[in-house]
Each structure stands twice: as structure tokens, then as C-alpha cells.
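Open the model in your viewer and keep the selection tool at hand. Each stop below tells you what to pick and what to look for.

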Amino acid sequence: MKVTVHRKAHFNAAHRLYRKDWSFEKNDAVFGLCNNPNFHGHNYELIASVTGEIDPETGYVIDVKILKDIIKSEVEDAFDHKNLNVEVPEFKDLNPTAENIAVVIYNKIKPKLDPKFQLKITLYETPRNFVTYSGD
Ligand code: NI
């Protein structure tokens with residue numbers, strides 16, 4: 001019997017979507033307003049979902065405090081109030097789309113968890129636009 005524990009978190013961050021090897025015109029055509037050279041911000045909402053067996057002794061799948069602390073150190077401390085393109089090394093040469101941010105977050109959190117758990121990342125860039133990544 002597997003149960004999924006979800007933890008929500010939040011960070012504000014700025015980004016710009018563009019490729020250095022494309023002209024401004026091509027970046028503008030593909031990324032539109034997100035190619036603003038002066039950057040723009042989003043209020044990102046994160047849901048980290050951990051799936052596993054219930055421990056018969058504790059009744060927990062995972063102590064949510066452990067998950068909370070991992071999210072704080074790996075995501076909030078690293079991304080909150082940052083310019084993702086400029087200040088976060090993972091995005092130096094990687095477009096900080098919601099898709100890529102979700103993959104980066106997964107790759108930061110997964111190694112901190114017991115390997116017996118499955119992890120799924122849900123990342124809202126706006127209340128209506130969100131992506132999910134489960135390591136596939
Ligand atoms: Ni944007």
C-alpha cells in the first residue's frame with residue numbers, strides 16, 4: 001500500500017527566457033514578453049510529492065519536517081528573491097522555463113531523500129500554468 005505525502009512551498013524569482021545564440025528577433029518571436037531583457041518575476045508555487053509505504057511504527061510515509069527542511073535548503077534558500085538567470089548556477093546555460101526549473105528542483109531534492117521514495121514535482125509559474133516532473 002503506497003501513500004503520497006505532499007508539501008507546498010513558495011518562492012519569488014525573476015527570469016528571462018532567451019537563447020544567447022539566437023538573435024533578439026528570433027528570441028522575441030519564440031519567447032515574447034518572457035524575452036524582456038530587463039527580466040520579469042513570478043510567484044512560483046511548488047508541490048513536492050513523496051510516495052512510499054507507511055512505516056508501521058510511526059504511521060508516517062515520511063516525516064514532513066524532513067521534507068520541509070530539504071525544500072528550504074535546496075529550493076527556497078537557493079531560488080527565493082533571486083534572478084534565476086544571473087544568480088542560480090544551474091541556469092547559467094539553461095533556459096529557466098517552468099519545465100527546466102521543475103527538473104532542476106527534482107534533481108536537487110531526489111538525492112536528499114531515501115532512495116525507497118518516489119518523488120514528483122509540481123511547479124506553478126502562474127495560477128493557471130503549471131508543470132509536473134517525476135524523473136522519467
Ligand atoms: Ni516568465
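**Stop 1: Asn 12**

Select Asn 12 and show what surrounds this residue. Leaving out residues up to four places away in sequence, Asn 12 touches His 42, Asn 43, Phe 79, Asp 80, His 81 and Lys 82. Keep in mind that you are looking at a predicted model.

Asn 12 sits in strand β1. Is Asn 12 buried or partly exposed? Its relative accessibility is 22%, so Asn 12 counts as partly exposed; the buried class ends under 20%.

Now show side chains. The side chain of Asn 12 makes a polar contact with the side chain of His 10, at 3.2 Å. Asn 12 and Asp 77 are 65 residues apart in sequence, but their C-alpha atoms are 11 Å apart in space.

**Stop 2: His 81**

From Asn 12, step to one of the residues it touches, His 81. His 81 lies in the loop between α2 (64-79) and β3 (82-83). With 62% relative accessibility, His 81 counts as exposed.

Check the backbone here. Most residues other than glycine have a negative phi. His 81 is not a glycine, yet its phi is positive, about 60°.

**Stop 3: the nickel ion**

Select the nickel ion next. Which residues coordinate the nickel ion? They are His 15, His 40 and His 42, each through NE2, at 2.0 to 2.1 Å. In sequence, the donor residues follow the spacing H-x24-H-x1-H. The pair His 15 and His 40 links distant parts of the chain. His 15 belongs to strand β1 and His 40 to strand β2 (residues 40-53), 25 residues apart.

UniProt, in an unreviewed entry, gives the feature "binding site" at His 15, His 40 and His 42. These residues span 28 residues in sequence, but no two of their C-alpha atoms are more than 8.2 Å apart, so they gather at one spot.

Take the three histidines in turn.

- His 15: its relative accessibility is 0%, so His 15 counts as buried.
- His 40: this residue is in strand β2. Beyond its neighbours within four places in sequence, His 40 is in contact with Ala 13, Ala 14, His 15, Leu 33 and Cys 34.
- His 42: this residue is also found in strand β2. Its relative accessibility is 15%, so His 42 counts as buried. Leaving aside neighbours within four places in sequence, its contacts are Phe 11, Asn 12, Ala 13, His 15, Glu 125 and Thr 126.

Before moving on, draw the distance between two of these side chains. A polar contact of 3.2 Å joins His 42 and His 15.

**Stop 4: Arg 16**

Select Arg 16. Where is Arg 16 found? Arg 16 is in the loop between β1 (2-15) and α1 (24-31).

Look for a partner of opposite charge. Arg 16 is buried, yet has no salt bridge. The nearest side chain of opposite charge is Asp 28, 8.3 Å away. A salt bridge needs the charged atoms within 4 Å.

Now select Asn 35. Its side chain makes a polar contact of 2.9 Å with the side chain of Arg 16. Asn 35 is also on the list of residues that Arg 16 touches, not counting those up to four places away in sequence.

**Stop 5: Phe 39**

**Last stop: the whole protein**

Clear the selection and switch to a cartoon view. How many helices and strands are there? The protein has 4 helices and 5 strands. From the N terminus on, they run β-α-β-α-β-α-α-β-β.

Zoom out. The C-alpha atoms fill a box of roughly 60 × 25 × 25 Å along the principal axes. Of the 136 residues, 39% are buried. Among contacts with a separation of 6 or more, 66% come from residues 24 or more positions apart.

Notes. Residues numbered from 1 in each chain as written. Predicted model: local features only at pLDDT ≥ 70, side-chain atom pairs only at ≥ 80, totals over all residues. Heavy atoms only, no water. Helix = DSSP H or I, 4+ residues; strand = E, 2+ residues; numbered from the N terminus. Buried < 20%, exposed > 50% of the residue type's maximum accessible area, 1.4 Å probe, protein only. Lys, Arg positive; Asp, Glu negative; His and termini not counted. Polar contact = N/O pair within 3.5 Å; in protein donor to acceptor, adjacent residues only side chain to side chain. Contact = heavy atoms within 4.5 Å. Donors = N, O, S within 2.8 Å, 3.2 Å for Na, K, Ca; no water. UniProt positions renumbered as here; feature names shortened; annotations may be inferred.
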